[in-house]
There are 2 protein chains.
Amino acid sequence: MSKMSRRIIVDCHTHIYTKRLVLLLRSRTVNPRIHTNSPDGSEKLAILPQEVSGGRTVGPQYWDVRNKVSFMNRHMIDISIVSLANPWLDFLDAPQAVTSAHECNADLEQYCFDATQLFASGQGASKVEAERRMKAFGILPLAEGVDPKEVVKSLESIASSSSLCGAILGSRGLGKGLDHPELEPVWAKAAELGLVLFLHPHYGVGADASQPSGLWGSQDNGHVLPLALGFPFETAAATARLILAGVFDRHPNLRLLVAHSGGALPILSSRLASCVAHDPHVCNRLKHDPRYYLGKLYYDAVAYGPEELEAVANIIGRADRYKSGAAAAKITRESVEKGVQRMMFGTDHPFFPPTKSDGTVITDDQTETWRSVTENLEAISDVAAWSHSAKLGVAGQNAVKLFGL
Amino acid sequence: MSKMSRRIIVDCHTHIYTKRLVLLLRSRTVNPRIHTNSPDGSEKLAILPQEVSGGRTVGPQYWDVRNKVSFMNRHMIDISIVSLANPWLDFLDAPQAVTSAHECNADLEQYCFDATQLFASGQGASKVEAERRMKAFGILPLAEGVDPKEVVKSLESIASSSSLCGAILGSRGLGKGLDHPELEPVWAKAAELGLVLFLHPHYGVGADASQPSGLWGSQDNGHVLPLALGFPFETAAATARLILAGVFDRHPNLRLLVAHSGGALPILSSRLASCVAHDPHVCNRLKHDPRYYLGKLYYDAVAYGPEELEAVANIIGRADRYKSGAAAAKITRESVEKGVQRMMFGTDHPFFPPTKSDGTVITDDQTETWRSVTENLEAISDVAAWSHSAKLGVAGQNAVKLFGL
């Protein structure tokens with residue numbers, strides 16, 4: 001780790017709820033909502049209609065900028081690009097979603113401004129100037145019934161902000177998924193503006209998954225299966241659907257950052273290619289082998305292990321081998337290092353908080369070192385096949401370049 | 001490839017339907033069934049209640065032993081360990097399932113015998129004697145309502161057969177999944193007998209996945225998403241559930257061969273470990289970090305790409321690092337090569353048949369070279385990090401050892 005002490009650390013995957021959104025969630029009587037019906041009276045966020053164990057404990061770390069700043073300083077994080085945590089605005093009706101997106105983006109800008117004040121007044125451990133240290137992904141009015149034109153307008157508004165540098169989005173789009181043709185103008189505009197879209201899971205897999213015969217079964221495993229597996233399954237499916245819909249053929253400059261290192265997709269991409277090649281519905285639809293498109297994506301490095309990160313880099317690095325008409329490109333150290341440039345550190349804060357030995361959350365976390373930070377930083381350091389500069393890139397420089405920080 | 005010309009090739013993932021099972025499926029009026037309601041009048045196998053596009057075309061390659069023998073000779077496959085293709089016996093009532101398992105296992109033994117006769121009379125390209133060239137996984141009476149004692153009896157019967165060398169099973173067990181405590185005697189008996197259990201997907205993800213707002217959405221992508229992603233999602237979930245249920249803590253010698261290179265689980269295993277560590281329901285349940293157990297599994301090499309295979313081997317190879325109480329073991333070339341010994345070639349024949357340029361199946365395949373074979377063999381050859389002997393192991397020797405062929 002000592003060799004990396006002068007690196008810049010950028011956290012591209014770190015969440016908040018705006019205070020206005022918290023008030024909205026507290027006011028609701030059906031999920032998603034924040035309630036205090038738990039045995040200990042603590043506030044719980046219950047997201048899905050069928051919520052395992054009543055939801056997760058939330059507190060100021062989810063909305064208080066001082067908490068985020070403390071977390072950043074404690075972990076030597078130079079820059080955070082915060083994003084709203086799910087469920088975003090999916091649950092609102094169309095006019096509310098449009099209004100709320102506007103309000104959220106204003107609140108996110110204020111959040112960044114407040115952070116700058118705190119950084120300027122404090123003694124942050126960072127080498128980066130105060131005004132650069134807090135940025136945000138904006139939010140788009142993606143909900144059922146919204147006119148795609150409103151989404152396009154929202155992209156333009158985000159692009160004109162100095163503190164917003166992209167937009168987070170879930171997998172449902174306007175209710176029918178990201179592969180629905182109605183979103184075509186959205187991809188076109190995002191590509192034109194060079195905005196990074198951060199694709200993040202929310203729903204996991206279907207409502208029947210927790211039936212005795214369902215995917216998760218009926219044994220009590222807490223949130224583990226929906227979170228560890230359901231989330232990356234959703235991301236993999238959404239990304240594959242974008243590829244199959246030809247979105248990256250029509251918009252090769254679209255910048256899509258995929259959560260949790262691409263979820264389950266990288267390891268399944270050759271299987272995807274084989275299934276595409278054998279299916280008359282799809283085999284002649286795309287310009288390239290599906291594996292080519294995995295080299296066009298960006299990936300956070302939120303995978304918790306060096307072997308996972310190395311695998312993703314290798315799979316990005318081989319992409320040119322699958323470009324139609326190209327001479328079969330060999331994977332080289334250079335192509336893999338180029339792949340690594342598409343990967344960037346994240347923490348998933350304030351999720352995965354420190355716990356006591358019985359697994360319960362330590363709510364006063366002002367002094368704790370978060371395992372989710374150290375594990376993801378160590379994973380980067382521990383990839384034996386990567387050069388020192390490749391590791392510096394993943395820790396921060398790749399994000400600095402991609403987002404123009 | 002020339003350096004590998006003297007290798008032995010064992011196909012551990014290759015399917016059939018017994019003729020008796022075909023007759024049963026033809027006699028049914030609800031899925032799963034074989035019907036001729038397709039526009040071209042060809043026989044289609046429709047498996048799930050909601051079947052995309054009416055099912056897949058089936059023909060003699062699914063049940064005729066001469067077809068399998070021709071396929072093996074054409075592709076220089078020395079030994080096949082055939083297994084029933086899904087849906088196995090899940091759809092039968094309990095007494096039928098018990099009877100049918102008995103019949104299927106007798107039919108599978110006959111299938112191996114018939115193959116031996118063909119090999120002995122023909123001019124096979126193999127260096128291996130005729131009687132060793134066709135083996136089979138038996139089938140277990142896993143269906144709702146079956147007494148686990150019947151499953152144990154079936155394991156004992158399989159263990160006493162010279163041509164059956166393990167058992168294939170799906171993810172539902174006796175209807176409530178493989179993590180239900182009622183299956184405890186089954187794991188105990190399989191471990192005691194040293195029988196390899198081959199875990200294979202069938203259901204994919206939930207019935208709502210093809211809704212507009214579901215995981216697969218409503219765009220027409222043929223079978224691609226359920227097959228490329230849904231199958232390995234199911235396998236990952238089932239394997240994770242076995243781990244979380246402590247099955248490998250109680251039965252460390254259980255031999256579980258996981259289809260499609262472990263599905264999505266290997267790349268998500270550090271995420272699984274992180275989620276387990278942060279969840280009070282699970283964090284103190286297991287003897288080891290979840291990643292340790294991935295080193296106890298066996299994996300087919302049906303992943304279609306060298307980067308995928310390399311990633312799986314690295315993830316097996318790191319397992320000892322996550323053994324409780326062990327000094328943090330470093331991953332070495334040796335530990336990875338040891339990991340490779342748990343991987344073994346497969347084809348998934350007769351699925352993924354050769355197609356015409358429009359993607360339709362070439363039904364008379366007596367002379368075709370199957371892409372699914374060459375891709376999976378080339379993937380093994382192309383893993384840069386593996387030694388020649390490691391590759392020979394995956395191509396065949398690992399299976400020879402594991403199954404005592």
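This is a predicted model: local features need pLDDT of at least 70, side-chain atom pairs count only at pLDDT 80 or more; totals for chains, interfaces and linings use all residues.
The axis of a helix, as the word is used here, is a line fitted to C-alpha atoms over the stretch in contact, and the angle between two helices is taken between their N-to-C directions. In chain A, helix α6, which covers residues 224-244, packs against helix α9, residues 265-277, at an angle of about 40°, and the two axes lie 11 Å apart. Angles under 35 degrees would count as roughly parallel and those from 65 to 115 as roughly perpendicular, so α6(A) is described as oblique to α9(A). The crossing of α6(A) and α9(A) is right-handed.

Which residues of the two helices make this contact? From α6(A) come A236(A), T239(A), A240(A), I243(A) and L244(A), while α9(A) contributes L265(A), L272(A) and V276(A). Sorted by class, the residues where α6(A) meets α9(A) are 7 nonpolar and 1 polar, with no charged residue among them.

On the side of α6(B), the contact is formed by A236(B), T239(B), A240(B), I243(B) and L244(B), and on the side of α9(B) by L265(B), L272(B) and V276(B). This contact of α6(B) with α9(B) has 7 nonpolar residues, 1 polar residue and no charged ones.

The next step is to look at how the two chains meet. Here 86 residues of chain B are in contact with 87 residues of chain A, and between them the two chains bury about 6,700 Å², of which 58% is on carbon and sulfur atoms. Within the area that chain B buries against chain A, I267(B), R271(B) and H278(B) supply 12%, which is more than any other three residues.

Over all chains, the count of salt bridges comes to 31. A further example is found inside chain A, where the side chains of R20(A) and D107(A) meet in a salt bridge with an N to O distance of 2.9 Å. This pair links distant parts of the chain, for R20(A) belongs to helix α1 (residues 19-27) and D107(A) to helix α3 (residues 94-121), and the two residues are 87 residues apart.

Finally, some details of the backbone deserve attention. Most residues other than glycine have a negative phi, and most peptide bonds are trans. Another cis peptide bond joins N86(B) to P87(B), with omega about 15°, and P87(B) is placed in the loop between β5 (79-84) and α3 (94-121) of chain B. In chain A, W88(A) has a positive phi of about 50° although it is not a glycine, and W88(A) lies in the loop between β5 (79-84) and α3 of chain A.

Note on methods:
Residues are numbered from 1 along each chain as its sequence is written. Chains are lettered from A and ligands numbered from 1 in the order in which they are written. Side-chain values use heavy atoms; hydrogens and water are left out. Axes are lines fitted to C-alpha atoms, for helices over the stretch in contact, and angles run from 0 to 180 degrees between N-to-C directions. Helices (H or I, at least four residues) and strands (E, at least two) are DSSP runs, numbered from the N terminus. Angles under 35 degrees count as roughly parallel, over 145 as roughly antiparallel, 65 to 115 as roughly perpendicular and the rest as oblique. A crossing is left-handed if the near helix is turned anticlockwise from the far one by less than a right angle, and right-handed if clockwise. Contact means heavy atoms within 4.5 Å. Ala, Val, Leu, Ile, Met, Phe, Trp, Tyr, Cys and Pro count as nonpolar, Asp, Glu, Lys and Arg as charged, and the others, Gly among them, as polar. Buried area is the accessible area (1.4 Å probe) that two parts lose on being put together, summed over both. A salt bridge is a side-chain nitrogen of Lys or Arg within 4 Å of a carboxyl oxygen of Asp or Glu.
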